[in-house]
Amino acid sequence: MAEMGSKGVTAGKIASNVQKKLTRAQEKVLQKLGKADETKDEQFEQCVQNFNKQLTEGTRLQKDLRTYLASVKAMHEASKKLNECLQEVYEPDWPGRDEANKIAENSDLLWMDYHQKLVDQALLTMDTYLGQFPDIKSRIAKRGRKLVDYDSARHHFESLQTAKKKDEAKIAKAEEELIKAQKVFEEMNVDLQEELPSLWNSRVGFYVNTFQSIAGLEENFHKEMSKLNQNLNDVLVSLEKQHGSNTFTVKAQPSDDTLAKGNKSPSPPPDGSPAATPEIRVNHEPELAGGATPGATLPKSPSQSSLPAVVVETFPATVNGTVEAGSGTGRLDLPPGFMFKVQAQHDYTATDTDELQLKAGDVVLVIPFQNPEEQDEGWLMGVKESDWNQHKELEKCRGVFPENFTERVQ
């Protein structure tokens with residue numbers, strides 16, 4: 001019997017909740033149709049707008065801070081590998097070997113300390129700050145439901161009072177329900193009216209403390225790193241002095257303006273040879289000035305006789321930065337709007353559902369944002385080449401990723 005009673009209570013509660021939802025739905029419909037008035041509080045609505053703005057700003061700050069921390073970690077790994085390389089090439093009999101190794105160790109410790117302090121003094125504070133928003137957001141939604149209940153009870157009471165045939169018992173019960181609904185709503189309303197402005201005002205102090213912490217930590221980090229770099233420079237100067245006769249001279253390299261990518265310039269023929277005239281090959285040969293025909297030999301100055309041949313490489317046709325389909329071999333298999341390829345240089349762990357999860361070495365096909373205004377600075381839209389080759393569906397595969405984790409390859 002006790003079990004049946006418990007089930008009966010549960011069933012009754014479910015039925016009551018269903019009835020409340022139906023009543024609220026009917027009340028909202030009547031309000032939208034203008035057949036029932038709605039209690040308005042412009043001051044509270046402004047507080048809600050401020051709350052939503054504050055939540056949006058805080059969420060973005062948290063996301064950008066996580067990206068910053070990921071970049072610090074990537075830089076730490078890169079610095080560590082560079083120092084390891086120096087340790088490997090630094091021969092045992094060279095002066096300053098122990099000092100160089102100690103500098104590398106201290107550099108590694110300094111990077112770890114910097115990252116950990118950023119987590120402790122910025123990210124954890126950020127998480128705590130945002131942790132209060134879900135509860136308040138839930139209470140705002142509940143207040144909205146209780147306001148609908150109050151309006152519904154008020155309209156029901158008013159309709160019974162204005163009815164031609166009055167039922168005093170129903171009127172008394174309706175009045176009792178109205179007072180109860182009003183009390184529940186006002187209790188929630190008063191609490192939120194106090195908390196929301198206080199929360200809104202707290203953002204200033206939070207932003208100040210957060211960015212002061214980041215700025216201070218970064219300043220100290222660079223000061224200490226500068227000392228280590230100076231110490232390393234002193235070690236290398238000492239090495240240079242001991243092996244001064246083996247100084248390495250950096251020779252000038254050919255300019256990218258005179259050599260097409262991937263092509264080597266042939267050795268120039270002797271001066272005066274017909275082949276010494278620079279050779280220029282392009283896709284389309286426009287009519288030369290003065291009516292000269294394409295391919296005609298042009299006069300050259302004496303200084304031109306020793307110039308290397310210049311080859312202009314052709315590229316697929318583009319429109320507004322995107323490669324036209326069919327303009328090159330294999331382009332038809334690329335996603336619509338494809339712009340260029342990048343390769344991940346570091347692992348990246350996605351922190352949101354719209355982000356790509358990357359492993360070092362992954363190739364990503366970069367495409368434009370559907371709405372350019374949604375693009376944040378330092379972020380690109382793309383689809384991993386492996387996912388595109390497997391699914392050929394942008395909606396399932398595309399996502400955003402930090403540009404500084406990748407390197408352009410095509």
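Colleague: How should I read a salt bridge here, and which side chain meets that of E355 in one?

Modeller: A salt bridge is a side-chain nitrogen of Lys or Arg within 4 Å of a carboxyl oxygen of Asp or Glu; in this structure the side chains of E355 and K63 meet in one, with 3.6 Å from N to O. The pair links distant parts of the chain, 292 residues apart, since E355 is in the loop between strand 5 (340–344) and strand 6 (363–367), whereas K63 is in helix 2 (residues 42–89). Helices (H or I, at least four residues) and strands (E, at least two) are DSSP runs, numbered from the N terminus. Please keep in mind that this is a predicted model, in which local features need pLDDT of at least 70 and side-chain atom pairs count only at pLDDT 80 or more, while totals for chains, interfaces and linings use all residues. Residues are numbered from 1 along each chain as its sequence is written, and side-chain values use heavy atoms, with hydrogens and water left out.

Colleague: Are E355 and K63 buried or exposed?

Modeller: Both E355 and K63 are buried, where buried means under 20% relative accessible area, exposed over 50%, and partly exposed in between (1.4 Å probe, protein chains only). Across the protein, which has 410 residues, 28% of the residues are buried.

Colleague: How many salt bridges does a search of the whole structure find?

Modeller: The search finds 15 salt bridges, among them the one in which the side chains of D113 and K117 meet at 3.3 Å, N to O. Because D113 and K117 are 4 residues apart in helix 3 (residues 97–131), about one helical turn separates them. D113 counts as partly exposed because its relative accessibility is 35%, and K117 is also partly exposed, at 35%. Another salt bridge is formed by E393 and K396, whose closest N and O atoms are 3.7 Å apart; here E393 is partly exposed, with a relative accessible area of 37%, while K396 is exposed, at 64%. There is also a network of salt bridges, which links D135, R139 and E195.

Colleague: What is the nearest side chain of opposite charge to R143?

Modeller: For charges, Lys and Arg count as positive and Asp and Glu as negative, while His and the chain ends are not counted. The nearest side chain of opposite charge to R143 is D41, 4.3 Å away, and R143 is buried yet has no salt bridge. R143 lies in helix 4 (residues 133–162), and, leaving aside neighbours within four places in sequence, its contacts are D41, F44, F185, M188, N189 and L192, contact meaning heavy atoms within 4.5 Å.

Colleague: Where does K392 lie, and what is its phi?

Modeller: K392 lies in the loop between helix 6 (385–391) and helix 7 (394–397), and its phi is positive, about 60 degrees, although K392 is not a glycine. K392 counts as partly exposed because its relative accessible area is 41%. Not counting residues up to four places away in sequence, K392 touches D333 and D387; its C-alpha atom is also separated by 7.6 Å from that of P335, which is 57 residues apart along the chain.

Colleague: How many helices and strands does the secondary structure come to?

Modeller: The secondary structure comes to 7 helices and 9 strands. Of the contacts between residues at least 6 apart in sequence, 69% join residues at least 24 apart.
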